[in-house]
Amino acid sequence: MAICVANYFRKVDIQMKLSKYLAPTLRDVPAEAEISSHQLMLRAGLMRKLASGVYSYLPLGLRALKKVENIVRAGMDSHGAQELLMSALLPKEYYEQSGRWEVFGEDMFRLKDRGSRDFCLGPTHEEIFTDTVKNNIHSYKQLPVTLYQIQTKYRDERRPRFGVIRSREFIMKDAYSFDRDQAGLDASYDNMYKAYCSIFDAMELDYLAVDADSGAMGGSGSQEFMVKSDIGEDTIAYCTCGYCANEEKAQCVAGTPDTAEMKALNKIHTPNSRTIDELVESLNTTAKSFAKTLIYRADDKLVAVMLRGDREVNETKLKNHLGALELELASADDVVRVTGAPVGFAGPVGLKEKITVLADNEVAAMKNFVIGANEGDYHFENANIGRDFEPDFVGDFRNITEGDICPVCGKAEIKTCRGIEVGHIFKLGTKYTEAMNCTVLNENGKDQTLIMGCYGIGVSRCLAAIIEQHSDENGIVWPMSVAPYHVAVVPVNVKDETQSKLAEEIYNELISKGVEAVLDDRDERVGVKFKDADLIGYPLRITVGKKAAEGIVEYKERKSGDMQELTVDDAVAKVLDAVR
Ligand code: 9G3
């Protein structure tokens with residue numbers, strides 16, 4: 001059947017001739033595109049923007065996207081996962097069962113049907129897969145099972161940016177594993193980890209698997225697959241010992257306790273020293289001898305967190321410690337009310353309201369440091385924990401930075417780089433299976449709640465990440481595995497019978513051998529054709545020019561830029577070799 005279907009729908013020739021092909025390349029860089037992959041996807045005619053964070057894929061972009069999708073599919077299928085396709089139009093009842101209908105406020109696209117029943121456009125499908133397993137798997141003998149889909153997701157991002165890297169509609173592969181117990185989940189999770197490594201290797205992505213925060217998903221741990229890139233939104237901390245974590249999660253080791261004698265606490269007049277720089281300037285000291293106090297609003301409570309003056313607060317660690325859903329810096333009014341002073345003089349001593357005071361473990365190791373005096377234009381010097389104030393909790397609340405000691409090996413210094421998250425795998429636990437009563441009968445005929453993992457890959461984001469990592473000043477440099485076409489056959493002058501005829505013959509021979517070739521039969525100057533071929537980034541190019549009569553063509557590799565003159569047969573053989 002398959003063969004005759006292929007014959008039945010023989011590819012019409014038009015499909016690969018550029019004179020008829022929709023590949024609208026652009027000379028100029030679109031203003032709104034800030035990063036190279038976004039610029040190149042627009043300029044090479046791969047996609048067009050429909051609205052903010054909403055894109056249409058043109059033929060070249062769709063071919064490459066489908067290749068990325070098929071690599072993901074092959075990786076999942078080869079690791080025993082089973083593909084489904086769920087609806088993207090989801091009734092609110094499922095999200096109400098898990099309590100997420102309210103939680104995901106503005107991000108969720110919500111709509112009503114003609115009977116004014118509430119639906120959403122699916123942002124993720126934990127509830128839907130759990131419901132499917134609940135209704136269709138009843139015995140432990142049917143476990144373990146990992147189900148997945150490749151499907152369009154919708155999230156109303158506040159600030160869509162970077163093309164399809166952060167868009168409001170995107171294609172995700174989301175998978176969900178169901179096991180009887182933790183050991184089963186560990187096995188399913190490790191299996192997915194291996195699948196992800198094989199998938200990203202096949203796409204020729206240079207990635208790191210990093211320990212990550214599980215955020216609202218909870219569960220017992222997660223890892224992100226990060227593609228190294230200077231435009232990545234995430235910061236990764238890594239060590240030569242192999243430790244690797246998202247900055248959100250990376251642990252910071254406590255400072256070594258300062259053994260100096262405690263000096264007397266002393267209030268000092270610090271007029272107009274609101275910022276650390278001004279304070280450092282006026283006290284002729286460094287930020288390291290200062291402990292700043294930041295006031296946050298966590299859900300409906302105010303909280304103070306203290307850090308050494310030169311450190312940044314890690315809001316993910318703070319939010320997780322407090323178990324808060326919402327966390328933001330307190331308003332100026334809140335700060336004035338709780339400190340009794342204008343912003344910039346907050347400290348742990350003399351707060352006007354009893355609020356929780358958290359201290360980063362580095363502050364707990366400091367002696368005789370400067371703190372705000374909760375009074376306009378005043379600070380205290382020589383403050384010491386234990387004598388002058390007692391924090392309610394000492395923990396890790398700061399961002400790791402380059403040069404910090406690695407929390408794992410305790411010897412080497414941490415380095416950081418930026419990355420784009422292309423995958424995220426979670427050990428979810430029983431959050432959804434409990435909420436939705438998803439159980440199977442065990443050996444003893446007793447109901448047993450299943451334990452889940454969930455695993456995401458940003459398929460459309462991978463396409464952009466591949467371009468971020470595989471492009472140069474002339475355009476995209478596609479890896480062969482995801483290139484929209486393998487080779488462009490370019491006659492220099494289409495009006496020259498010999499060149500056109502030979503080019504067409506080469507193109508037909510390549511197609512007949514299963515090579516994905518395009519023929520640039522446009523009546524354009526050869527310079528334009530070469531620029532387009534480099535911009536679109538076909539991995540190989542065969543140019544048919546003056547030496548066509550002698551049966552000599554030029555073979556060019558996009559990546560290395562190597563060019564050589566070959567006989568037609570040698571050129572065709574080289575293409576076949578490179579494609580396989
Ligand atoms: C929502 C909205 C936005 C969301 C979510 C739900 C992120 C949401 C986390 C995940 C976790 C995993 C399965 C595949 C891998 C990732 N943004 N997340 O759950 F309703 Cl509006 O999606 N889901």
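In this predicted model, the second largest cavity is lined by Leu-18, Ala-488, Val-490, Asp-520, Arg-522, Lys-529, Asp-532, Ala-533, Ile-536 and Tyr-538, and it holds about 30 Å³ of space. Helix H14 provides the largest share of this lining, four residues, while strand S27 (487–491) also supplies at least two. By class, the lining of the second largest cavity comprises six nonpolar and four charged residues, with no polar ones.

Helix H14 (526–536), strand S29 (540–544) and strand S30 (552–557) each contribute at least two residues to the lining of the largest cavity, which divides into four nonpolar, no polar and five charged residues.

Turning to the packing, the largest nonpolar core has 90 residues, and among those with the most contacts inside it are Phe-200, Phe-225, Trp-478 and Ile-542. Helix H7 (residues 182–202) gives the largest share of this core, eight residues. Apart from this core lies another, of 24 residues, including Tyr-176, Met-217, Leu-428 and Leu-450. Beyond its neighbours within four places in sequence, Phe-225 is in contact with residues including Tyr-193, Tyr-196, Phe-200, Ile-420 and Ile-425.

The count of disulfides is zero. Cys-252 is buried, at 7% relative accessible area, but its sulfur is 11 Å from the closest cysteine sulfur, in Cys-406, and therefore too far for a bond. Cys-454 is likewise in no disulfide, the nearest cysteine sulfur, that of Cys-438, being 14 Å away; Cys-454 counts as buried at 4% relative accessibility.

Note on methods. Residues are numbered from 1 along each chain as its sequence is written. This is a predicted model: local features need pLDDT of at least 70, side-chain atom pairs count only at pLDDT 80 or more; totals for chains, interfaces and linings use all residues. Side-chain values use heavy atoms; hydrogens and water are left out. A nonpolar core is a set of buried Ala, Val, Leu, Ile, Met, Phe, Trp, Tyr and Cys residues joined through side-chain atoms within 4.5 Å. Buried means under 20% relative accessible area, exposed over 50%, partly exposed in between (1.4 Å probe, protein chains only). Contact means heavy atoms within 4.5 Å. A disulfide is a pair of cysteine sulfur atoms within 2.5 Å. Ala, Val, Leu, Ile, Met, Phe, Trp, Tyr, Cys and Pro count as nonpolar, Asp, Glu, Lys and Arg as charged, and the others, Gly among them, as polar. On a 1 Å grid over the protein atoms alone, a cavity is a set of points where a 1.4 Å probe fits but cannot get out, and a pocket is an open set with protein on both sides within 12 Å along at least five of seven lines; lining residues have an atom within 4 Å of a point. Grid points are joined across faces, edges and corners, and a volume is the space filled by probe spheres set on the points.
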